[in-house]
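Please work through them with the coordinates loaded.

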Amino acid sequence: MKFQGSNNYVATQDLMLAVNAAATLKRPLLVKGEPGTGKTMLAEEVAAALGMPLLQWHIKSTTKAQQGLYEYDAVSRLRDSQLAGIEDSARVKDIHNYIVKGVLWQAFTADEPVALLIDEIDKADIEFPNDLLREIDRMEFYCYETRELVKAKNRPLVFITSNNEKELPDAFLRRCFFHYIKFPDATTMQQIVDVHFPGLKKELLAAAMKTFYEIRNLPGLKKKPSTSELLDWLKLLVAEDISAEALHSQDNMVAVPPLVGALLKNEQDVSLFEKLVFMQRHHR
């Protein structure tokens with residue numbers, strides 16, 4: 001089966017090609033791009049479109065690779081051994097009862113192919129990707145506590161996202177198919193908005209898009225507003241019944257838009273935008 005987009009996710013042709021190329025090569029798809037460009041949603045929509053269950057592993061700074069395989073709950077076993085009577089002694093002796101299977105174990109042993117999302121891999125320690133090299137490459141790992149080799153029944157379709165907070169090791173990159181999600185141009189962005197707000201007034205959409213890209217193109221911004229923030233802003237504009245005229249001044253100069261806190265997320269960027277508006281009005 002090939003991914004051909006979905007009704008809920010606007011996928012460019014090169015993105016669909018990347019998903020299908022990764023599936024053909026049987027390699028993880030490493031997806032990078034600005035925050036808010038739909039990297040995580042891609043895995044969700046591909047899984048839904050292909051009818052595959054989705055397992056998600058959201059990485060934190062404290063996440064270790066071992067947690068994706070399994071964890072041995074020695075504390076619970078010790079507690080149970082102290083409290084166990086004759087009836088519960090068999091449970092304590094069986095170490096399998098204290099192995100907590102991680103998402104990789106679940107994906108490997110699933111009876112049908114699954115999609116596996118390893119989200120924001122760059123948040124973890126620099127050794128995290130290296131620790132997963134063998135498992136991702138060979139689709140197997142060894143559980144020392146139970147003395148068993150866990151092999152994948154079906155190779156999962158693996159999606160790995162990164163926000164470029166850390167460089168990933170070359171050996172890890174070699175095992176992936178890479179795709180960078182570019183920030184949508186105005187035409188693609190309008191298609192994305194149409195999916196989420198099919199009945200939006202054309203005048204409001206045009207004014208909002210103009211303001212949004214003016215803000216994004218402002219030099220010196222610490223954080224440019226993303227696709228998800230545009231959608232949040234449009235939702236607020238509709239909820240508050242804001243008119244298209246309120247987004248620009250009468251002479252069509254840039255104005256500080258209502259609810260700008262949905263787009264600009266720190267005081268430096270708000271101040272920079274206000275200065276731009278002031279300078280334009282001052283030089284009229």
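**Exercise 1.** Determine which element gives the most to the lining of the largest pocket.

*Solution.* Step 1: in this predicted model, local features need pLDDT of at least 70 and side-chain atom pairs count only at pLDDT 80 or more, while totals for chains, interfaces and linings use all residues. Residues are numbered from 1 along each chain as its sequence is written, and side-chain values use heavy atoms, with hydrogens and water left out.

Step 1: the lining of the largest pocket comprises 29 residues, and Tyr9, Thr37, Gly38, Ile181 and Ile192 are those nearest its centre.

Step 2: two or more lining residues come from each of α1 (13-25), α2 (39-50), β9 (177-181), α10 and α12 (227-239), and it is α10 that gives the most, with four residues.

**Exercise 2.** Describe how helix α10 packs against helix α11.

*Solution.* Step 1: α10 (residues 186-196) and α11 (residues 202-216) have axes 12 Å apart and meet at an angle of about 130 degrees. The two helices are therefore oblique to each other, a class left for angles that are not under 35 degrees (roughly parallel), over 145 (roughly antiparallel) or 65 to 115 (roughly perpendicular).

Step 1: the contact (heavy atoms within 4.5 Å) is made by Ala186, Met189, Gln190, Val193 and Asp194 of α10, together with Leu205, Met209, Phe212 and Tyr213 of α11.

**Exercise 3.** Identify which element gives the most to the lining of the second largest pocket.

*Solution.* Step 1: this pocket is lined by 19 residues, including Ala23, Met52 and Arg155. Step 2: α1 gives the most to this lining, with four residues.

Key: Axes fitted to C-alpha atoms, helices over the stretch in contact; angles between N-to-C directions. 1 Å grid on protein atoms, 1.4 Å probe; cavity = no way out; pocket = protein on both sides within 12 Å on 5 of 7 lines; lining within 4 Å.
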